[in-house]
Amino acid sequence: MKNNKITDTIHYAGTDDKAIDLFESQYIVPKGVSYNSYVILDEKIAVMDGVDERAEEVWFQNLERILDGKKPDYLVVSHMEPDHAGNIQKFMEKYPQAQIVVNAKALSMLPQFFTLDMNARSVVVKEGDELVLGKHVLTFIMAPMVHWPEVMMSYEKTEKVLFSADAFGKFGALDAEEDWACEARRYYFNIVGKYGMQVQALLQKASALDIRIICPLHGPVLSEDLAYYIGKYQIWSSYEPEDKGVLIAYASIHGNTGKAAEKLAELLRAKGVEKVVVSDLARDDMAEVIEDAFRYDRMVLAAATYDAGVFPCMDSFLARLKSKNYQKRRVGIVENGSWAPMAGKVMKESLSQMKEVTIVEPVVTIKSTMNGASEEQLALLAEALV
């Protein structure tokens with residue numbers, strides 16, 4: 001963006017939040033996050049979404065600078081989550097002539113967050129409706145469960161801009177120097193990942209549009225090689241593996257299960273598997289491990305038995321995989337137990353509830369520490385995974 005302008009008539013009004021520690025109180029964001037808002041200047045002026053209350057002051061300053069004495073006619077709300085909609089009431093109070101553009105589901109949510117009655121100032125839209133601003137015309141596209149039920153997108157057909165709500169977003173401030181795919185992938189699978197079917201439906205709608213620019217609510221504006229970004233969403237939302245490789249996720253109490261995980265990684269690399277990722281579920285960022293689970297075509301779960309079940313961090317990992325619709329993968333199992341190994345049984349039962357997950361034999365059992373027999377079993381598992 002040059003001088004915060006997307007085009008001559010579409011301006012960026014959002015801001016970065018580099019002070020936030022946890023996005024949605026659960027996702028580590030070491031490079032912050034952006035809250036994106038846009039302004040379309042025409043005969044009628046539309047503000048496209050707001051920002052989190054954390055960024056209220058900067059947002060209103062940006063609006064005043066862009067508006068330069070003019071008054072907005074519309075606030076278009078694509079998503080009611082507070083990191084975008086937190087300042088709706090303050091906006092409507094500051095600009096009493098403005099109308100709020102929402103769909104019926106979003107309209108019903110407004111009283112859940114705000115005390116101001118906005119019904120009389122609401123423009124309620126549905127699939128395919130248009131809002132004429134002058135030269136610019138917004139067409140509304142409903143995107144339910146991507147990733148809330150009220151989500152909608154707006155396509156501006158004059159400049160061919162898709163305002164994509166949370167789709168195509170990523171973690172990280174706008175000035176973060178990092179690969180888009182890594183943090184976009186972690187963002188997608190942890191926030192949107194459960195709703196692959198709905199994302200597929202949205203991509204089908206988007207395929208009929210001539211899109212030149214994508215303006216998401218988090219992360220950079222996308223204006224080059226859009227086929228790359230859309231292609232990533234096509235892979236992610238269909239739950240197909242993105243890369244060949246093996247994730248080994250382990251949950252170890254005293255380190256012995258961790259040693260087995262590292263040994264298996266050695267064996268796999270020796271057999272020519274180029275990408276092997278080993279993650280400690282007790283210490284590594286769980287959201288990043290979820291990302292890798294969906295990225296690679298194979299996974300190994302290695303866990304200690306605990307309270308006649310499985311070590312808690314593995315239990316949590318399995319619950320997250322299920323909630324995000326993990327599927328279409330081959331998975332190996334390594335269990336440890338000093339007297340009554342049960343982790344393997346628990347992990348198998350959990351995986352059986354997921355679609356198209358194939359358990360790779362043998363299931364390796366370690367009793368306390370590795371020995372010749374268990375190392376031989378690890379070698380057989382490595383051979384079966386190649």
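**View 1. Helix α5 packs against helix α9 at an angle of about 95°.** The axes of α5 (residues 180-192) and α9 (residues 286-295) are 9 Å apart; axes are lines fitted to C-alpha atoms, for helices over the stretch in contact, and angles run from 0 to 180 degrees between N-to-C directions. The two helices are therefore roughly perpendicular to each other, the word used for angles of 65 to 115 degrees, whereas angles under 35 degrees count as roughly parallel, over 145 as roughly antiparallel and the rest as oblique. On the α5 side the contact is made by Cys182, Arg185, Arg186, Phe189 and Asn190, and on the α9 side by Ala287, Glu288, Ile290, Glu291, Phe294 and Arg295. Contact means heavy atoms within 4.5 Å. By class, this contact of α5 with α9 has 5 nonpolar, 1 polar and 5 charged residues. Ala, Val, Leu, Ile, Met, Phe, Trp, Tyr, Cys and Pro count as nonpolar, Asp, Glu, Lys and Arg as charged, and the others, Gly among them, as polar. Helices (H or I, at least four residues) and strands (E, at least two) are DSSP runs, numbered from the N terminus.

The model is predicted: local features need pLDDT of at least 70, side-chain atom pairs count only at pLDDT 80 or more, and totals for chains, interfaces and linings use all residues. Residues are numbered from 1 along each chain as its sequence is written, and side-chain values use heavy atoms, with hydrogens and water left out.

**View 2. Glu291 is a buried residue of helix α9.** Its relative accessibility is 2%. Buried means under 20% relative accessible area, exposed over 50%, and partly exposed in between (1.4 Å probe, protein chains only). Leaving aside neighbours within four places in sequence, Glu291 is in contact with Cys182, Arg185 and Arg186.

**View 3. Strand β18 (residues 296-306) is paired with β16, β20 and β19.** Of the 11 residues of β18, 10 are buried, so the strand is largely enclosed by the rest of the structure. Strands pair if DSSP finds at least two bridges between them. Strand β16 (residues 243-251) runs parallel to β18 and is joined to it by 7 bridges; here Ile248 has Val300 of β18 as its bridge partner. Strand β20 (residues 327-336) also runs parallel to β18, with 7 bridges, and Arg298 stands opposite Arg330 in β20.

**View 4. Strands β18 and β19 form a hairpin.** The pair runs antiparallel and is joined by 2 bridges, with β19 covering residues 309-310. Thr305 stands opposite Val310 in β19. There are 2 residues between the strands, and Asp307 in the turn has a positive phi of about 50°.

**View 5. Leu301 is among the residues with the most contacts inside the largest nonpolar core.** A nonpolar core is a set of buried Ala, Val, Leu, Ile, Met, Phe, Trp, Tyr and Cys residues joined through side-chain atoms within 4.5 Å. This one has 95 residues, and Leu63, Ile88, Phe91, Met314 and Phe317 are also listed among those with the most contacts. Helix α5 gives the most to this core, with 8 residues. Leaving aside neighbours within four places in sequence, the contacts of Leu301 include Ala249, Met314, Phe317, Val331 and Met347.

**View 6. Two peptide bonds are cis: Val146 to His147 and Glu361 to Pro362.** Most residues other than glycine have a negative phi, and most peptide bonds are trans. For the bond between Val146 and His147, omega is about 10°; His147 is found in the loop between β12 (137-142) and β13 (152-156). For the bond between Glu361 and Pro362, omega is about 5°, and Pro362 is found in strand β21 (residues 355-366).

**View 7. Glu24 and Asp68 each have a positive phi.** Glu24 has phi near 55° and lies in the loop between β3 (22-23) and β4. With 30% relative accessibility, Glu24 counts as partly exposed. Asp68 has phi near 50° and lies in the loop between α1 (56-67) and β8 (74-76). With 60% relative accessibility, Asp68 counts as exposed.

**View 8. Pro30 sits in the loop between β4 (27-28) and β5 (33-35).** At 69% relative accessibility, Pro30 counts as exposed. Pro30 and Ala176 are 146 residues apart in sequence, and their C-alpha atoms are 9.9 Å apart in space.
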